[in-house]
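Let's take a walk through a protein model together.

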Amino acid sequence: MTLSYSIDTTDPRTDSFDPRTDSSRWDPSEVARAIDAFQDPNHPSQRQYAKEHNIPRTTLGDWLRKDFPDHLDPDLVCFFRCPAGHAFLRRLVLASLLVFHHHNAVGLRPIGEFLELVELDHFVGSSYGALYSLDARLQDDLILFGSDERQRLAAALAATGTTKDIILCLDENFHGPHICLVAIEPVSNFIVVETYRDHRDSVTWAEAINAGLDGLAVQLVGLTSDQASGLICCAQSEFEVQYHPDLMHLQCNLSKPILLPLARPISQAEKDGEKASQQEQRLEAAEQNKPNSVSAEMWLANIMAKDQAQEDLTQARQHLEGAVEQIREVSRVYHPFDRETGQPVLPEQLQARLGEPLARLQQVVEEAGLGARAQQAIPKAQGWVVLLVGCLAWFWTRVREKLKQLDMSEEEGTQLESLVAGCYWEMASAKEKDPDERKRLQEMAVELKEKAWAEGGALAHWSEADKKEARTVAQQCAELFQRSSSCVEGRNGRLSLFHHGQTRLSEKRLQVLTAVHNYVVRREDGTTAAERFFGQKQKDAFSWLLERLPALPQPAAKRRQQIANEGPIAA
């Protein structure tokens with residue numbers, strides 16, 4: 001299909017400019033403007049337009065005579081060759097690279113195939129080489145945007161005159177030849193550290209964290225991680241801050257030696273029941289073939305075996321379900337506020353609450369007759385109960401220190417604890433899996449907040465400015481209790497996915513993925529991790545990248561593949 005325009009046949013050698021200019025070097029937006037101008041029936045001559053815009057006339061003629069396949073709709077061709085269509089194409093290509101390649105583990109070749117399937121390869125280069133060059137520039141821009149925004153947002157945070165207390169979740173990832181250290185602030189999900197190192201000892205971790213926090217008006221008050229010795233030493237020796245164990249890893253220390261042995265009797269009982277059922281079928285078949293050939297003793301023995309298998313199965317399931325329930329109960333009670341009433345939980349109360357499910361779990365282990373490894377798991381769990389109680393004591397110490405800054409009475413402090421409880425359960429309810437329980441916790445959070453500001457209460461007479469400050473402090477207090485490092489575990493999973501899908505994540509590629517996570521990806525509320533971490537609005541990353549996106553690569557000339565008529569191709 002050829003788009004027809006009036007062609008000026010004036011000899012280009014009479015023009016004052018060099019007619020040998022390479023048309024592929026022109027900005028596609030200039031091409032789109034020229035083509036759009038000649039859509040007007042009253043368009044100027046090619047010579048006039050070429051002189052006015054300093055374009056070689058032969059180049060302009062080449063633009064207007066460009067051929068497209070006949071099956072393409074002329075309106076579609078006109079759209080993508082006009083300025084509006086070209087602008088849309090730039091947004092589409094940038095979005096494809098940003099979403100598919102940098103936010104998800106899709107390679108460049110599938111993106112090129114996508115462009116070919118929607119037949120946009122007639123308007124933009126879709127080869128691997130063309131997309132690779134464009135993506136290389138995009139990666140540089142992403143790193144630059146992340147660096148510039150970090151400096152700008154850090155300056156804005158420092159200008160507020162406040163220092164933000166933060167806790168970091170740490171973990172290592174081994175997706176490549178080097179160790180990848182990852183540290184994330186769990187409330188905002190902002191990546192502070194994501195870098196390759198040769199070692200993972202406490203000193204190396206401290207150096208990486210200090211580099212990640214450099215220039216930020218924040219104070220590190222705690223670290224949350226698994227029980228790796230290097231991470232514990234980093235918290236206690238290098239930074240001298242509170243170490244918070246990841247609760248899931250502690251529960252795994254109970255699950256492995258207890259749940260696996262409890263699951264084996266279930267499998268054995270199911271096999272015994274299946275064997276008894278098969279024996280019953282054989283006895284029935286024998287009785288049908290030869291009546292009275294099966295004795296009553298044989299029927300009785302099979303019935304007893306089947307009943308015994310069912311009894312063993314029921315008992316084994318009860319033991320397993322009881323153990324699972326007690327391990328889950330540890331997670332249910334490990335909160336600074338009561339799950340049912342929202343009242344503060346003191347350290348000595350938590351110790352008793354954690355001891356109860358462990359005692360019941362010990363009873364299950366004894367009833368099931370498990371081995372020495374399972375017997376030893378409970379005393380070990382008693383050891384980390386002390387650690388969890390210590391974390392809660394630290395939490396209440398920090399909360400009371402922060403509340404004292406508001407200069408209030410004891411009664412007002414009690415009311416503010418209700419506000420802290422409301423902020424805490426508002427955050428914790430979002431992680432609840434059961435929808436009914438999640439709704440109940442959300443309603444309780446609202447009630448606790450309303451209780452804090454109830455008319456006639458100790459805080460009712462506070463001014464709006466004081467109330468705003470109290471809400472901010474209460475939210476900061478609630479964020480201090482971190483019992484999980486799931487954010488960094490999830491990040492490690494994504495890094496492994498990228499490594500599997502795109503192979504060999506270089507240091508530069510890792511910086512790009514960090515910038516995308518912090519400054520491009522948005523939650524349902526429309527905020528990025530950087531905006532949540534710094535408490536400031538950032539520039540729109542997509543608009544910034546679109547403005548700096550270089551000219552789109554032009555599609556190469558399509559080569560016709562001719563197949564000789566020499567019969568069928570050999571397999």
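The buried residues of H9 pack against E1, helix H8 (202–213), strand E4 (218–225) and strand E5 (242–245), where packing rests on contact, meaning heavy atoms within 4.5 Å. Helices (H or I, at least four residues) and strands (E, at least two) are DSSP runs, numbered from the N terminus. Before we go on, please note that this is a predicted model, in which local features need pLDDT of at least 70, side-chain atom pairs count only at pLDDT 80 or more, and totals for chains, interfaces and linings use all residues. Residues are numbered from 1 along each chain as its sequence is written, and side-chain values use heavy atoms, with hydrogens and water left out.

Which residues of H9 are buried? In this helix, residues 229–238, they are Gly230, Leu231, Cys234 and Ala235. Buried means under 20% relative accessible area, exposed over 50%, and partly exposed in between (1.4 Å probe, protein chains only). Seen down the axis of H9, the buried residues fall within an arc of 140 degrees, so they line one face of the helix; the arc is that of the directions from the helix axis to the C-beta atoms.

Now follow the chain into the loop between H9 and E5, where you will find Glu240. Its phi is near 55 degrees, a positive value in a residue other than glycine. Glu240 is exposed, with a relative accessible area of 67%. Asp407, in the loop between H13 and H14, also has a positive phi of about 55 degrees although it is not a glycine. Asp407 is exposed too, at a relative accessible area of 73%.

Let's finish with the pockets. On a 1 Å grid over the protein atoms alone, a pocket is an open set of points where a 1.4 Å probe fits, with protein on both sides within 12 Å along at least five of seven lines; lining residues have an atom within 4 Å of a point. The largest pocket has 32 lining residues, and Ser331, Lys431, Glu432, Arg483 and Ser484 lie nearest its centre. The second largest pocket is lined by 30 residues, with Thr162, Thr163, Lys164, Thr472 and Gln476 nearest its centre. Which element gives the largest share of the lining of this second pocket? That is H16, with five residues.
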